[in-house]
Amino acid sequence: MKHEIVLSEKQIKTITKNIGTALTERLKNEKMPPVFLCVMKGALPFFFDVIKNVKLTMICDFIQLSSYEKTASTGEVIIKKNFEADINGRSVVIIEDIVDTGLSMKFLINYINKNYKPKQVILVSLLDKQCTRKVDVKVDYTGKVLTKSDFLMGYGLDYCEFDRNVPYVYIAQKEDVKYWDSLLK
């Protein structure tokens, strides 16, 4: 099945280089190494490609949130795995795959600010689906702003863990979902 590509491998490489360069410039005078926080599992490929392009000493950590069931947001955000790094007094760079409703990122930013004392929280997202936003959240650096509410797959984005390994982002079709559902039975 032919898919519509939203971001090619080449576009992703350019995006990660540009964001890494911008973060290097923004954080170059920090006294304490910043903490780069990957939102698992979807942001893993993007996270690693961005940090390869950041020319600074940093601390890397991971957090896993859950708010989706198959193709839809449940509206409730839970922490499945928390980060371990000491973020007090440090700049925290959250790396996310896609910000759509904004609920997960608003939850995470509020959680960090309420429970810790970071110097600043910077939000980076490969994709910013502003057309589906339910709450206001500021994405500081984004690869691409989306104007349609398509269900996206690849480059970390998944459906029940399928197709995270595809090196580009594409629009999933109903036939794809039917196929994946058949594999789950």
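1. Nine salt bridges are present in the structure, which is a predicted model. Side chains of opposite charge can pair when their charged atoms come close. Four residues, K41, D158, E161 and R164, are joined in a salt-bridge network.

2. Further charged pairs can be described individually. E25 and K28 form a salt bridge at 2.7 Å, N to O; K28 is partly exposed, with 44% relative accessibility. D49 and K52 pair at 3.1 Å, N to O. Within that pair, D49 is partly exposed at 22% relative accessible area, whereas K52 is exposed at 56%. K148 and D150 meet at 3.8 Å, N to O; K148 is partly exposed at 48%, and D150 is likewise partly exposed at 24%.

3. Helix 1 comprises residues 9–27. Its 19 residues should span 27 Å at 1.5 Å a residue, and the C-alpha atoms at its ends are 27 Å apart, so expectation and model agree. Buried positions in helix 1 are I12, I15, T16, I19, G20, L23, T24 and L27. These buried residues line one face of the helix, because they fall within an arc of 165° when seen down the axis. K10 and K17, on the other side of helix 1, are exposed.

4. Helix 2, residues 44–51, has F46, F47, V50 and I51 buried. Their arc around the axis is only 120°, so they sit on the same side of helix 2. An α-helix has 3.6 residues a turn, so residues three or four places apart point the same way.

5. The largest nonpolar core contains 30 residues, and L23, F36, F46, V124, L127, L152 and V169 have the most contacts inside it. At least two core residues come from each of strand 1, helix 1, strand 2, helix 2, strand 5, strand 6 and strand 9. Helix 1 provides the largest share, five residues. Another core, of 20 residues, lies apart from this one and includes V39, I87, M105 and L108.

6. What does V124 touch, leaving aside residues up to four places away in sequence? Its contacts are I19, L23, F46, V93, I94, I95, E96 and Y141.

7. Beyond four places in sequence, E96 touches V39, A43, F46, M105, L123, V124, S125 and L126. E96 and T142 are separated by 46 residues in sequence and by 9.5 Å in space, C-alpha to C-alpha.

Technical notes: Residues numbered from 1 in each chain as written. Predicted model: local features only at pLDDT ≥ 70, side-chain atom pairs only at ≥ 80, totals over all residues. Heavy atoms only, no water. Buried < 20%, exposed > 50% of the residue type's maximum accessible area, 1.4 Å probe, protein only. Helix = DSSP H or I, 4+ residues; strand = E, 2+ residues; numbered from the N terminus. Arc of directions from axis to C-beta. Core = buried A, V, L, I, M, F, W, Y, C linked by side-chain atoms within 4.5 Å. Contact = heavy atoms within 4.5 Å. Expected span 1.5 Å × (residues − 1). Salt bridge = Lys/Arg side-chain N within 4 Å of Asp/Glu carboxyl O.
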